[in-house]
Amino acid sequence: PRGFRSSPPGTLSSAPGARPAEYLIEKHALRGFDAVQLCSALWVGRPGFACFDERLRRAARREGLEVVP
């Protein structure tokens, strides 16, 4: 799309306050896409995190996110 710029590799995980997906996979025994979802939420910095996977919910709480519902 016009105006779209891709980020260099490592940009998301090196953002202030974000954790690299590899770190989250190892620390919380997450699956790949779950780690990407959690890494993205930490990068965005939103207080509410919605999911129904119990392992991912537990990891989000441990990383300081408010889990809903």
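User: Leaving aside its neighbours within four places in sequence, which residues is Arg57 in contact with?

Analyst: In this predicted model, Arg57 touches Cys51, Phe52, Val67, Val68 and Pro69. Contact here requires heavy atoms within 4.5 Å. Arg57 itself sits in helix 3, which covers residues 54-62.

User: Why is Arg57 called buried?

Analyst: The relative accessibility of Arg57 is 11%. The label buried applies under 20%, so Arg57 at 11% qualifies.

User: What makes Pro47 count as exposed or buried?

Analyst: Pro47 has a relative accessibility of 56%. Exposed means over 50%, and therefore Pro47 at 56% is classed as exposed. Its place is in the loop between helix 2 and strand 1 (48-50).

User: Which residues does Pro47 contact, apart from neighbours within four places in sequence?

Analyst: The partners of Pro47 are Leu65 and Glu66. Another pairing concerns Pro47 and Gly64: they are 17 residues apart along the chain, and their C-alpha atoms are separated by 8.5 Å.

User: Why is Ala29 put in the class partly exposed?

Analyst: Ala29 has a relative accessible area of 49%. Ala29 belongs to the loop between helix 1 and helix 2.

User: What is the phi of Ala29?

Analyst: Phi is positive at Ala29, about 55°, although Ala29 is not a glycine.

User: Why is Ala21 called buried?

Analyst: Ala21 comes to 18% relative accessibility. The limit is under 20%, so Ala21 at 18% is counted as buried. Ala21 lies in helix 1. With neighbours within four places in sequence left out, Ala21 is in contact with Ala35 and Cys39. From Ala21 to Asp34 the C-alpha distance is 9.0 Å, for a separation of 13 residues in sequence.

User: At what angle do helix 1 and helix 2 pack, and which residues make the contact?

Analyst: Helix 1 (residues 21-28) and helix 2 (residues 32-44) pack at about 120°, their axes being 9 Å apart. From helix 1 the contact uses Ala21, Leu24 and Ile25, and from helix 2 it uses Gly32, Ala35, Leu38, Cys39 and Leu42. The crossing of helix 1 and helix 2 is right-handed.

User: How many nonpolar, polar and charged residues are in the contact of helix 1 with helix 2?

Analyst: Seven are nonpolar, one is polar and none is charged. Gly counts as polar, so Gly32 supplies the polar entry.

User: What makes Cys39 and Cys51 count as buried or exposed?

Analyst: Cys39 has a relative accessible area of 4%, and Cys51 has 8%. Buried means under 20%, so both cysteines are buried.

User: What kind of peptide bond joins Val68 and Pro69?

Analyst: It is a cis bond, with omega of about -5°. Pro69 lies in the segment after strand 2 (66-68).

User: What pattern does the chain follow, and what share of its residues is buried?

Analyst: The chain has three helices and two strands, in the sequence pattern α-α-β-α-β. Of the 69 residues, 30% are buried. The accessible surface is about 4,900 Å², with 56% belonging to carbon and sulfur atoms.

Terms used. Residues are numbered from 1 along each chain as its sequence is written. This is a predicted model: local features need pLDDT of at least 70, side-chain atom pairs count only at pLDDT 80 or more; totals for chains, interfaces and linings use all residues. Side-chain values use heavy atoms; hydrogens and water are left out. Buried means under 20% relative accessible area, exposed over 50%, partly exposed in between (1.4 Å probe, protein chains only). Helices (H or I, at least four residues) and strands (E, at least two) are DSSP runs, numbered from the N terminus. Axes are lines fitted to C-alpha atoms, for helices over the stretch in contact, and angles run from 0 to 180 degrees between N-to-C directions. A crossing is left-handed if the near helix is turned anticlockwise from the far one by less than a right angle, and right-handed if clockwise. Accessible areas come from the Shrake-Rupley method with a 1.4 Å probe; for residues, only the protein chains shown count as cover.
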